Amino acid sequence: PLDPVQAIEAAMAMNGYSRAELAALIGQPRATEVLARKRALSLSMIRKIASAWHVPERVLVQEYALAR
């Protein structure tokens, strides 16, 4: 099973989404921090990604390790 960041990266790869498109959804600094595992996804970010990119919310709400 994929963790939330891996699920976002998989959606980007499979659907041709760019980092810029993720940034348009959740904000530039947040997109960079989420992909670098320096910030956890908020409920608002999860809802936006799930709605726009059809990534299941149940995958995005899982806990995952952040970088130190």
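A residue counts as buried when its relative accessible area is under 20%, as exposed when that area is over 50%, and as partly exposed in between (1.4 Å probe, protein chains only). The model here is predicted, so local features need pLDDT of at least 70 and side-chain atom pairs count only at pLDDT 80 or more, while totals for chains, interfaces and linings use all residues. Residues are numbered from 1 along each chain as its sequence is written, and side-chain values use heavy atoms, with hydrogens and water left out.

Let's start with helix H2. Helices are DSSP runs (H or I, at least four residues), numbered from the N terminus. On one side of H2, Ala20 and Ala24 are exposed. The buried residues of H2 are Leu22, Ala23 and Ile26. They span an arc of only 100° around the axis, so they sit on the same side of H2; the arc is taken from the directions from the helix axis to the C-beta atoms. These buried residues pack against H1, H3 and H4. Just after H2, glycine 27 has a positive phi of about 100°.

Leucine 25, also in H2 (residues 19–26), is partly exposed at 22% relative accessible area. Beyond its neighbours within four places in sequence, leucine 25 is in contact (heavy atoms within 4.5 Å) with Lys48, Ile49, Ala52 and Trp53. Leucine 25 and tryptophan 53 are 28 residues apart in sequence, yet their C-alpha atoms are 9.9 Å apart. As for tryptophan 53, 7% relative accessibility makes it buried.

Note on methods: Helices (H or I, at least four residues) and strands (E, at least two) are DSSP runs, numbered from the N terminus.
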